[in-house]
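Please study the structure shown below, then work through each solution in order.

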Amino acid sequence: MTIFLPEFTSPPLMLALVAALAYLLGSIPFGVVITRAMGLGDLRQIGSGNIGATNVLRTGNKPAAAATLILDAGKGGIAVLIARATLGEDAAQVAALASFLGHLYPVWLGFKGGKGVATFLGILLALVWPVGLIACATWAVTAAITRISSASALAAAALTPGYLAFLDHSDAVLLTLLLAILVWVRHAANIRRLRDGTEPRIGRKKGV
């Protein structure tokens with residue numbers, strides 16, 4: 001099966017504008033905003049210090065964690081959908097990458113962001129929703145078996161390019177392969193703990 005990039009037909013300046021706006025949207029640290037607004041403290045000083053929903057859950061506040069999950073996924077998905085509606089598929093992929101990088105390296109937090117799992121899934125649901133659903137199911141099944149969020153994220157990210165290729169969405173394979181590599185890079189410490197058997201379970205309030 002041939003793997004190819006989308007045809008870039010939109011004007012370069014428009015794609016650059018899409019990238020900038022999508023990056024800024026992706027940079028919004030919803031986990032930090034929500035925990036502060038709800039009086040839960042500075043999320044970066046809690047648990048692992050990560051700004052994502054899994055670490056918000058360590059505060060013990062499930063609604064805050066759910067809101068963070070939805071908003072972190074939503075910002076990636078919205079960036080893709082607006083770019084696609086405005087300029088087409090090439091812009092959608094640019095927005096996907098830019099919003100994901102925004103979450104990982106947000107300008108508002110000195111470029112120290114999250115690990116990108118929720119944003120990755122939100123992007124997938126907007127790009128190719130059947131594959132997004134399969135990736136979410138992969139996360140859920142792995143989580144049910146292992147009770148380890150990082151293992152679930154790594155499995156979903158690693159398998160997604162294969163899902164796309166199998167379902168004949170090869171134009172998105174290279175993009176999702178890059179996103180998956182970034183997810184794995186951001187989980188380097190988790191991978192070491194998984195290897196050592198010290199990775200905490202979902203919902204644990206202490207530890208990393």
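**Exercise 1.** State how many salt bridges the structure holds, and describe the pairs arginine 84 with glutamate 89 and arginine 193 with glutamate 199.

*Solution.* 
1. The structure holds six salt bridges, a salt bridge being a side-chain nitrogen of Lys or Arg within 4 Å of a carboxyl oxygen of Asp or Glu.
2. This is a predicted model, in which local features need pLDDT of at least 70, side-chain atom pairs count only at pLDDT 80 or more, and totals for chains, interfaces and linings use all residues. Residues are numbered from 1 along each chain as its sequence is written, and side-chain values use heavy atoms, with hydrogens and water left out.
3. Between arginine 84 and glutamate 89, the closest N and O atoms are 2.9 Å apart.
4. Arginine 84 is partly exposed because its relative accessibility is 25%; buried means under 20% relative accessible area, exposed over 50%, and partly exposed in between (1.4 Å probe, protein chains only).
5. Glutamate 89, at 30%, is also partly exposed.
6. Arginine 193 and glutamate 199 form a salt bridge at 2.7 Å, N to O, and both residues are buried.

**Exercise 2.** Where does aspartate 168 lie, and is it buried or exposed?

*Solution.* 
1. Aspartate 168 is found in the loop between H8 and helix H9 (173–186); helices (H or I, at least four residues) are DSSP runs, numbered from the N terminus.
2. Its relative accessible area is 55%, so aspartate 168 is exposed.
3. Although not a glycine, aspartate 168 has a positive phi of about 65°. Most residues other than glycine have a negative phi.

Terms used. Helices (H or I, at least four residues) and strands (E, at least two) are DSSP runs, numbered from the N terminus.
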